[in-house]
Amino acid sequence: MNFSSENRFESRLSPTLPRRATAIIELPDGVLMTASANSRFSLPGGVSQRGELRSQALLRQIRDQTGLRINSMLYLFDHITQQNAHKVYLVIAQGMPRLQEGGSRLTLVTSPDTEMDIHIESRAILRRYAKLRGEEGAKSEAVRAILKLARYIAKVD
């Protein structure tokens, strides 16, 4: 990723809009979702700290939330809402996801239309991701290649 283009895009966003790094971690049985004790499930990730790139925030947040180590990541798209400015990455992670904080929860979802209590922003991101996976083009081919690599790494681990 070109870091100067990331910073140029950032300068056009409202200074008060939280910048969030969001991960799609596809495991054999579905996409990993996290939630604190009494909240909705959402895609893992979090807000970047001052002076921190969102890709750096993602490395930190995934380790803190799930115990996974990121092996590779592919930038997918920006998803801007009134609440957050997401940079969404497809992530290959190593290890077994495990709860890191008391009261936190992990689950897997196989469809953005599941009846589980999923945060509206995460549901919209999952829909965009599902659409991207089904399209033709360079980015969709890269997504399929990363997923193939993730399946290979899972077998080797």
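Author: Start with a sorting rule. Ala, Val, Leu, Ile, Met, Phe, Trp, Tyr, Cys and Pro count as nonpolar. Asp, Glu, Lys and Arg count as charged, and the others, Gly among them, as polar. This structure is a predicted model.

Reader: How do the residues of the lining of the largest cavity divide under that rule?

Author: Into 6 nonpolar, no polar and 1 charged.

Reader: Which residues line the largest cavity?

Author: E26, L90, V91, I92, I146, L147 and A150. Two elements, β6 and α4, each give two or more residues to this lining.

Reader: How is empty space found in a model?

Author: Rolling a probe the size of a water molecule over the atoms shows where empty space is left. Here, the search of the whole structure finds 1 cavity of 30 Å³ or more. The largest cavity holds about 30 Å³ of space.

Reader: What volume does the largest pocket have?

Author: About 380 Å³. The elements that give two or more residues to its lining are β2 (26-27), β6 (85-94) and α4 (138-156).

Reader: How many residues line the largest pocket, and which lie nearest its centre?

Author: There are 17 lining residues. E26, L27, P28, A150 and A154 lie nearest the centre. Helix α4 gives the largest share of the lining, 5 residues. By kind, the pocket lining has 12 nonpolar, 2 polar and 3 charged residues. Note E26 and A150: both line the largest cavity too.

Reader: Now the whole chain. How many helices and strands are there in the protein chain?

Author: The protein chain has 4 helices and 7 strands. Along the sequence, the pattern reads α-β-β-β-β-α-β-β-β-α-α.

Reader: What share of the residues counts as buried?

Author: Of 157 residues, 47% count as buried. The accessible surface of the chain is about 8,900 Å², and 51% of that belongs to carbon and sulfur atoms.

Reader: Which residues of α3 are buried?

Author: E121, S122, R123, I125, L126, Y129 and L132. In α2, the buried residues include L58, R60, I62 and Q65. After α2 comes G67, with a positive phi near 80°.

Reader: Is R60 buried or exposed?

Author: The cut-off for buried is under 20% relative accessible area. R60 has 17%, so R60 is buried. R60 lies in helix α2 (residues 54-66). Not counting residues up to four places away in sequence, R60 touches V47, S48, Q49 and E52.

Reader: Which residues is L106 in contact with, leaving aside neighbours within four places in sequence?

Author: L32, M33, T34, F41, T66, P97, R98 and L99. Q65 and L106 are 41 residues apart in sequence, and 9.4 Å apart in space, C-alpha to C-alpha.

Definitions and conventions
Residues are numbered from 1 along each chain as its sequence is written. This is a predicted model: local features need pLDDT of at least 70, side-chain atom pairs count only at pLDDT 80 or more; totals for chains, interfaces and linings use all residues. Side-chain values use heavy atoms; hydrogens and water are left out. On a 1 Å grid over the protein atoms alone, a cavity is a set of points where a 1.4 Å probe fits but cannot get out, and a pocket is an open set with protein on both sides within 12 Å along at least five of seven lines; lining residues have an atom within 4 Å of a point. Grid points are joined across faces, edges and corners, and a volume is the space filled by probe spheres set on the points. Buried means under 20% relative accessible area, exposed over 50%, partly exposed in between (1.4 Å probe, protein chains only). Accessible areas come from the Shrake-Rupley method with a 1.4 Å probe; for residues, only the protein chains shown count as cover. Contact means heavy atoms within 4.5 Å.
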